[in-house]
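User: Hi! I'm new to reading protein structures. Could we go through one together, with some questions and answers?

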Amino acid sequence: MKTAYQIFLTGLSIIILSWFLPWIYGLLFPVAASDPFVAYSPLTESFIISEPGGGDIYAVDKEGKRVGEILSKEDRDSLLPHIYYTQLMAHDRMPDSVAGREVSVPVFKQSQWVFSSSPRDLNKVMPEVNLMMESMPARIDLEDPDMVFRVKGNRVEFIDIATNSVNADRSRRFTEIFNDRGFSFPIKTLSGNITTRKPYDEGYLLVDKEGGIYHLKMQAGRPYMVKVSKPYSVVARNLFILENVDRRQLGLVSDESDRLYVLEREGYRLKPLEVGDVDPSRHRISIVKNLFNWVVKISDNNGSRWIALDSDTYEPLATYSVGYPESLTERVAGFIFPFELSFTDVTDCLARPRVEFFSWHVVVLNVVLSLILLWYYRSQRQSLKIIASAVTLIFGIFSFIPFIIYKKLYL
């Protein structure tokens, strides 16, 4: 009984310390990578980089190499009129045309939008029911939905929120259109934006079991569904619906080959975006679109890259990237902790144990701590010394502390 208690208490201490010590270390010595603000100038056809914290402002060419002198804030405003038009207007410096296009503040505002996606948006437990808005409300303004829908087997079921009762007629009509369009149940993933704070509603983009893409919405209580034509090589994995003022793009699509596409509203055309490998379940994605270009940012724990695309043709214009080198704090941690136990992660919304390994550099400290324990338990039985040293060779400081504190427990 005493042996079982010793094993339990030591194991529990190792688990707690493997979580608490790296956590308190990270709290005392935080590591945070700060990206610059990156925009693409249609005037110089180059990226304009603004370093964080009021740092330098400079231009880089299409290959990401720094060119020219340090820029002032006024220079940056003039090179990026589609972003800093308010500042230019305040000082009567707003141009009438940019890159051969006639411009104005309303034109800039109507042509810009921002999109962002985090792995946490995808790596979570999805709800079993989804809200369905009316895309053609009786009044001009969008209304809060009064229905939810779910998939049960090979049929769609609509439920009235107020009464919690199934709407049999609407369920039948939506199930029929799913079958007519060749949808393969179940729904693999879907994307919608259920809010009245948007200019219009486009319902949902869906992916079926076979990787097909579908557009679904409700108009005057009736189903509207279109199957998107695409190459057989494109097997959709993630979708992001876009409901922007300009109405040109319906959404973004990523496939199982880590490629990104834009889905245009007119003709449901699917066009590839040359931005490199993208996995929304691992990468943070942001897009800043304006009259002249898109600036697509893709980042993870290793670094960030920016790709400028032409707003009309989606042709790549330039690329820029920065890496996140290992910091001194992280290097030191690799000499102290053999691993880190955590229960949450910035890439998902799931609470579960996960172990992250540092480096083999910790072997040096583990050997030293094992030798200390051999001396500390020098008067104890041989088996205890061997067990304590062997465990510390593996778990390092996480087992060294309880073996030191609980010495009397092992006598």
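User: How many bridges pair E2 and strand E3, residues 57-60?

Analyst: Good place to start, and keep in mind that this is a predicted model. E2 and E3 pair in the antiparallel sense. In E3, Ala 59 is the bridge partner of Ile 48. The number of bridges over which E2 and E3 pair is four.

User: In E2, which residue is the bridge partner of Ala 39?

Analyst: Look at strand E1, residues 37-41, which runs antiparallel to E2 and is joined to it by five bridges. Ala 39 has its bridge partner in E2, and that partner is Ile 48.

User: Which residue in the turn of the hairpin formed by E2 and E3 has a positive phi?

Analyst: Let's take the hairpins in turn. E2 and E3 form a hairpin with six residues between them, and the turn residue with a positive phi, about 70°, is Gly 53.

User: How many of the five residues of strand E2 are buried?

Analyst: Buried means under 20% relative accessible area. Strand E2, residues 46-50, is largely enclosed by the rest of the structure, because its buried residues number five of the five.

User: Is Leu 27 buried or exposed?

Analyst: Leu 27 is found in helix H1, residues 2-28. Together with residues including Trp 23 and Phe 343, Leu 27 makes a nonpolar surface patch of about 790 Å². Exposed means over 50% relative accessible area. Leu 27 has 54% relative accessibility, so it counts as exposed.

Conventions:
Residues are numbered from 1 along each chain as its sequence is written. This is a predicted model: local features need pLDDT of at least 70, side-chain atom pairs count only at pLDDT 80 or more; totals for chains, interfaces and linings use all residues. Side-chain values use heavy atoms; hydrogens and water are left out. Patches are made of residues with over 30% relative accessible area and no salt bridge: like charges are joined within 9 Å, nonpolar side chains (Val, Leu, Ile, Met, Phe, Trp, Tyr) within 5 Å. Accessible areas come from the Shrake-Rupley method with a 1.4 Å probe; for residues, only the protein chains shown count as cover. A salt bridge is a side-chain nitrogen of Lys or Arg within 4 Å of a carboxyl oxygen of Asp or Glu. Helices (H or I, at least four residues) and strands (E, at least two) are DSSP runs, numbered from the N terminus. Buried means under 20% relative accessible area, exposed over 50%, partly exposed in between (1.4 Å probe, protein chains only). Two strands pair if DSSP finds at least two bridges between them.
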